[in-house]
Amino acid sequence: VINPQQFDVMVMPNLYGILVSNLAAGLVGGAGVVPSKSYGENIAVFEPGARHTWMEMKGMYVANPSAMVLSGAFMLKHLQLHEAGDVLIKAVKRVINRGEVRSRDLGGSCTTREMTRAFLAELDAIHS
């Protein structure tokens, strides 16, 4: 935890992988901003990188959608739609860095829908 950059790859059973990925997510901004990509021989899975977090907020629509949107961007890039994936990543980064629209995990009060709308507005701005 003190020196995470010392690791390039960590191989472990699923239970420990969940613990380590959730811990790592906390180091870089929280579960809501960490996407993941997993590759098998004939399959690829793109999903938020932290799991089983903040379950008490289920149904309140306050989850940060950034990790899911960024996972979608990774999927687009995997499908050779690099430009679309890059633009999506750029939009998410701009919204987060601007700090005007922030979900609870980033110190704000915006809902999932408000964050998503901010990403869509930024995509429109990029394409204008």
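Contact here means heavy atoms within 4.5 Å. In these terms Val-87 touches Leu-123, Ile-126 and His-127, with residues up to four places away in sequence not counted. The structure is a predicted model. The chain averages a pLDDT of 88, and 96% of the residues score at least 70. Among the elements of the chain, the highest mean pLDDT, 97, belongs to α3, and the lowest, 80, to helix α1, which covers residues 14-27.

Val-87 is found in helix α3. Its relative accessible area is 15%, which is under 20%, so Val-87 counts as buried. Ala-121 lies in helix α4. With a relative accessible area of 46%, Ala-121 is partly exposed. The C-alpha atoms of Val-87 and Ala-121 are separated by 12 Å, and the two residues are 34 residues apart along the chain. Ala-121 is also 12 Å from Val-101, C-alpha to C-alpha, at a sequence separation of 20 residues.

The pairing of helices α3 and α4 was examined next. Two packed helices are described by the angle between their axes and the distance between the axes. For helix α3 (residues 82-98) and helix α4 (residues 112-127), the axes come within 9 Å and cross at roughly 115°. The crossing in which α3 passes α4 is right-handed. On the α3 side, the contact is made by Val-87, Leu-88, Lys-90, Ala-91, Val-92, Arg-94, Val-95 and Arg-98. On the α4 side, Ala-118, Phe-119, Glu-122, Leu-123, Ile-126 and His-127 take part. The residues of this contact divide into 9 nonpolar, 1 polar and 4 charged.

Helix α2 (residues 66-78) contains Ser-71. Ser-71 has a relative accessibility of 1% and therefore counts as buried. A polar atom of the Ser-71 side chain lies 2.8 Å from the backbone oxygen of Ala-67. Leaving out residues up to four places away in sequence, Ser-71 touches Pro-35, Ser-36, Phe-46, Glu-47 and Pro-48. Of these, Phe-46, Glu-47 and Pro-48 fall within the range given for β2, 44-48.

Ala-73 is found in helix α2 as well. Ala-73 is buried because its relative accessible area is 0%, and the cut-off for buried is under 20%. Apart from neighbours within four places in sequence, Ala-73 is in contact with Gly-85, Leu-88 and Ile-89. The C-alpha atoms of Ala-73 and Ile-89 are separated by 6.4 Å, although the residues are 16 residues apart along the chain.

The loop between β2 (44-48) and α2 holds Asn-64. Asn-64 counts as buried because its relative accessibility is 10%. Its side chain makes a polar contact of 3.2 Å with the side chain of Ser-103. A polar contact of 3.3 Å also joins the side chains of Asn-64 and Asp-105. When neighbours within four places in sequence are set aside, the residues in contact with Asn-64 are Gly-32, Val-33, Ser-103, Asp-105, Leu-106 and Met-115.

Backbone angles were considered for two loop residues. Most residues other than glycine have a negative phi. Tyr-61 is not a glycine, yet its phi is positive, at about 60°. Tyr-61 is placed in the loop between β2 and α2. Its relative accessibility is 64%, which is over 50%, so Tyr-61 counts as exposed. Gln-80, likewise not a glycine, has a positive phi of about 70°. Gln-80 is found in the loop between α2 and α3. At 57% relative accessibility, Gln-80 counts as exposed.

Val-9 is located in the segment before α1. Val-9 is exposed, with a relative accessible area of 66%. The C-alpha atoms of Val-9 and Glu-100 are separated by 35 Å, and these residues are 91 residues apart along the chain.

Terms used. Residues numbered from 1 in each chain as written. Heavy atoms only, no water. Axes fitted to C-alpha atoms, helices over the stretch in contact; angles between N-to-C directions. Helix = DSSP H or I, 4+ residues; strand = E, 2+ residues; numbered from the N terminus. Left-handed = near helix turned anticlockwise from the far one by under 90°. Nonpolar A, V, L, I, M, F, W, Y, C, P; charged D, E, K, R; others polar. Buried < 20%, exposed > 50% of the residue type's maximum accessible area, 1.4 Å probe, protein only. Polar contact = N/O pair within 3.5 Å; in protein donor to acceptor, adjacent residues only side chain to side chain. pLDDT = per-residue confidence, 0-100.
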